[in-house]
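Open the model in your viewer and keep the selection panel at hand. The tour goes stop by stop.

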Amino acid sequence: MVTTPAPANQPSANQRGAHRRTKLIAAIDTHSLAHGQQLATQLNGVVDAIKLGFEFTYSCGLEAVRALGAKQGLFLDLKLHDIPNTVAQGVAALAPLGPLLMTIHASGGSAMVRAARNALDEAFSANPGARPKLIAVTVLTSLDGAALLELGVDATPAQQVVRLGRLAIEAGADGLVCSAHEIAPLRQALGEAPLLVVPGIRPAGSAHNDQKRIMTPGQAAEAGADWIVVGRPITQAADPAAAARAIQAELAAHTNP
Ligand SMILES: O=c1ccn([C@@H]2O[C@H](COP(=O)(O)O)[C@@H](O)[C@H]2O)c(=O)[nH]1
């Protein structure tokens, strides 16, 4: 895939004056089908998409994923990471669930990312417009510099995100999962084309939980996130729809008209 290098000192999305509305994905992390259905119903029309990951998929099964995903945009976040052939077969098997976005780990290497992209291209050769976007996870937002060192990675999170992000985009990924802290360095290195999907989002005053590299929704919008992913601040709120509406309002306040 060809990437367009951005000029040095690239301005933020808002400074560019570009209309790049940051969209909201609610992470529906629950092991209960009834709770998942309830959250999806409450959030339908309020959020731009829902995210289903390990907890819901492993607990409730792929048919439940298909059913919830049929009602609104789906981010299928199963973070595949294995040898290239296994990941290629995995993405091909999951793609008929109809996600807008699906994840693999960039740290699986360029051959793995390329195999996943080729499998999707082949599966959607008759209708390329319906192909799910392939999103590569760079460095989990629960990791900080000390955690990277523990893994033997002697680089800052931003350096490692850019390294893995470049590898994944050059191998065919459509976008990346990163924290909001790495949006500017990624845009500088890779330009505007990659979709940036950003978890580790916490409205001001809310608990960080296990997240390390966090920003508020407004800060992530200012930085130029394409999508933000918010789980517990929505799902554990007394009124999840109201919490999601407040985040949408914050995003709108930080987006150029
Ligand atoms: O680096 C990553 C990749 C994925 N996630 C997922 O996003 C949500 C965040 O949930 P919160 O409750 O808002 O912390 C969750 O489903 C993760 O699996 C991530 O957080 N970081």
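Predicted model: local features only at pLDDT ≥ 70, side-chain atom pairs only at ≥ 80, totals over all residues.

**Stop 1: the annotated span.** Select residues 23-247. The end C-alpha atoms of this span lie 10 Å apart. An unreviewed UniProt entry annotates residues 23-247 as "domain: Orotidine 5'-phosphate decarboxylase".

**Stop 2: α2 and α4.** Select residues 33-43 for helix α2 and residues 62-71 for helix α4. Their axes come within 11 Å and cross at roughly 10 degrees. Angles under 35 degrees count as roughly parallel, so α2 is roughly parallel to α4. Now show the side chains at the contact. From α2, pick Leu33, Gly36, Gln37 and Ala40. From α4, pick Ala64, Leu68 and Lys71. Colour them by class: four are nonpolar, two polar and one charged.

**Stop 3: α5 and α6.** Move on to residues 84-94, helix α5, and residues 110-123, helix α6. Here the axes come within 8 Å, crossing at roughly 35 degrees. Which hand does the crossing of α5 and α6 have, left or right? It is right-handed. On the α5 side, select Pro84, Asn85, Val87, Ala88, Val91 and Ala92. The α6 side brings Ala111, Met112, Ala115, Ala116, Asn118, Ala119, Leu120 and Ala123. Colour by class again. The contact of α5 with α6 has twelve nonpolar residues, two polar ones and no charged ones.

**Stop 4: α8 and α9.** Next, select residues 157-170 for helix α8 and residues 183-190 for helix α9. The two pack at an angle of about 40 degrees, and their axes are 10 Å apart. That angle makes α8 oblique to α9. Look along the pair: the crossing of α8 and α9 is right-handed. Ala158, Val161, Val162, Gly165, Arg166 and Ile169 line up from α8 as contact residues. They meet Pro185, Leu186, Ala189 and Leu190 of α9. By class, this contact has eight nonpolar residues, one polar and one charged.

**Stop 5: the ligand.** How many residues are around the ligand, and which come nearest? There are 17, and the nearest are Ala27, Thr141, Pro199, Gly231 and Arg232. Colour the whole shell by class: seven residues are nonpolar, six polar and four charged.

Note on methods
Residues numbered from 1 in each chain as written. Axes fitted to C-alpha atoms, helices over the stretch in contact; angles between N-to-C directions. Helix = DSSP H or I, 4+ residues; strand = E, 2+ residues; numbered from the N terminus. Parallel < 35°, antiparallel > 145°, perpendicular 65-115°, else oblique. Left-handed = near helix turned anticlockwise from the far one by under 90°. Contact = placed C-beta atoms within 7 Å. Nonpolar A, V, L, I, M, F, W, Y, C, P; charged D, E, K, R; others polar. Near = placed C-beta within 6 Å. UniProt positions renumbered as here; feature names shortened; annotations may be inferred.
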